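The following exercises concern a single protein chain.

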Amino acid sequence: MAYLFTSESVSEGHPDKVADQISDAVLDAMLSQDPNSRVACETLVTTGLVVVAGEVTTQAYIDVQEVVRKTIKKIGYTKAEYMFESESCGILTALHQQSPDIAQGVNEGEGLDKDQGAGDQGMMFGYATKETPEFMPMALAFSHRIVKKMSELRKEGKTMKYLRPDTKSQVTIEYDDNGKPKRVHTVVVSTQHDDFDKEKAMLDKIKADVLKHVIPAVIPKNLLDSKTIYHVNPTGKFVIGGPHGDSGLTGRKIIVDTYGGKGAHGGGAFSGKDPSKVDRSAAYAARHIAKNLVAAGVADEILVQVAYAIGVAKPVSLTINTYGTSKVKLTDGQIAEKVLGIFDMRPKAIVERFGLKYPIYSETAAYGHMGRESYKKDVELSYVSVKEEKGVKTEVRKKTKKSVEFFTWEKLDYVAPVKKAFGIK
């Protein structure tokens, strides 16, 4: 039966994404000095104001104001007329120590379970599909591509000079009777722009530029036709935007961050949380499982659910749903049993497998945590070491650069073991 499915994305300048990026920048700053930092950082942004709150346990010392202002500047809020600007906005900080009751269950060797336990109870989901090269749902993949292209054009400053940081996109895909993507049914783009006297002329120009410079660059031509519907700035005007137009909060774009409404979501946000929080690390691990299973040919579409009890290392359950697309002669339950034999889902093992104690998180805070290319980049670290001289111990902070891999959960590094376990040639 044919049907339509829609997903949205938002740019780095959207107020909720501004909040996410600030929270992850604070996390990264702490991890760059203390890889064992425990961080749960929440951010609120509104007109001329940033509020950073949460619980941390760390040996790091960071200038929160500097971290916040650098993040806002990088996003592009650098003009007073935006009513939210990197140099002038107020910044309130309310960070305090993490609960020792929670820490006891997470710290290795301290809780009832002597392994490193999960930082909280809950369920996390991972999803993958063969619809796109990214193994992501097509509607979300295209929505991400649109806002990312808009950001590139804004920062380039030549083609669409009037663009401001806040942008939203939405794509509707039409599926055929076999549940396969057939065509792009509708595209929605709402972008913040400079103020102009002639609103109708401005709207016409924005629409023409989007159709000329954005859509053809990010959506395959064979999926567009004369019936595709385009809504570009459908309100007619979008000058007031960003945190001045709408307050932003960390963790309010969890569907944009994951699978655009396909599959499922456990409800836990990612940004601002260190990897001991399974809301984040186990969601990455579940995506890694789903992607490698689909790439190995186990099924065309897979949803993985994993669940934990606070303070307990081993997951209480792991469930697989292949939506009837399985290519192996096993039930979904039997597939799940094999998966547990391939992938170690204890929190400590997940952190080690993906190298999650490095400052890699700011890159995830816009344009999705999943469906990204893994890559390596040098990061600056400033770790404390103990120096002993004539029986006197002193702490010395050493600055160094290290090549670190980002988006490691997107790697197809388990395809061979999966094929071997399932007897796939």
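**Exercise 1.** Are arginine 287 and glutamate 410 buried or exposed?

*Solution.* The model is predicted: local features need pLDDT of at least 70 and side-chain atom pairs count only at pLDDT 80 or more, while totals for chains, interfaces and linings use all residues. Residues are numbered from 1 along each chain as its sequence is written, and side-chain values use heavy atoms, with hydrogens and water left out.

Step 1. Buried means under 20% relative accessible area, exposed over 50%, and partly exposed in between (1.4 Å probe, protein chains only). Arginine 287 is buried, and glutamate 410 is buried as well.

Step 2. A salt bridge joins the two residues, with 2.9 Å between the closest N and O atoms; the term requires a side-chain nitrogen of Lys or Arg within 4 Å of a carboxyl oxygen of Asp or Glu.

Step 3. This pair links distant parts of the chain, 123 residues apart: arginine 287 belongs to helix H8, and glutamate 410 to the loop between S13 and helix H11 (415-422). Helices (H or I, at least four residues) and strands (E, at least two) are DSSP runs, numbered from the N terminus.

**Exercise 2.** Determine how lysine 17 and aspartate 20 are placed relative to each other in helix H1.

*Solution.* Step 1. Their side chains meet in a salt bridge at 2.7 Å, N to O.

Step 1. Because the two residues are three apart in helix H1, about one helical turn separates lysine 17 and aspartate 20.

Step 2. Both lysine 17 and aspartate 20 are buried.

**Exercise 3.** Which residues does aspartate 16 contact, leaving aside its neighbours within four places in sequence?

*Solution.* Step 1. Aspartate 16 lies in helix H1, residues 15-31.

Step 1. Its relative accessibility is 2%, so aspartate 16 counts as buried.

Step 2. With contact taken as heavy atoms within 4.5 Å, the partners of aspartate 16 are Ser247, Gly248, Leu249, Arg252 and Lys253.

**Exercise 4.** Identify the residues that touch the most other members of the largest nonpolar core.

*Solution.* Step 1. A nonpolar core is a set of buried Ala, Val, Leu, Ile, Met, Phe, Trp, Tyr and Cys residues joined through side-chain atoms within 4.5 Å.

Step 1. Among the 104 residues of the largest such core, Val50 and Ile146 touch the most other members. Helix H8 (residues 278-296) gives this core its largest share, eleven residues.

Step 2. Not counting residues up to four places away in sequence, the residues that valine 50 touches include Ile22, Val68, Ile72 and Phe84.
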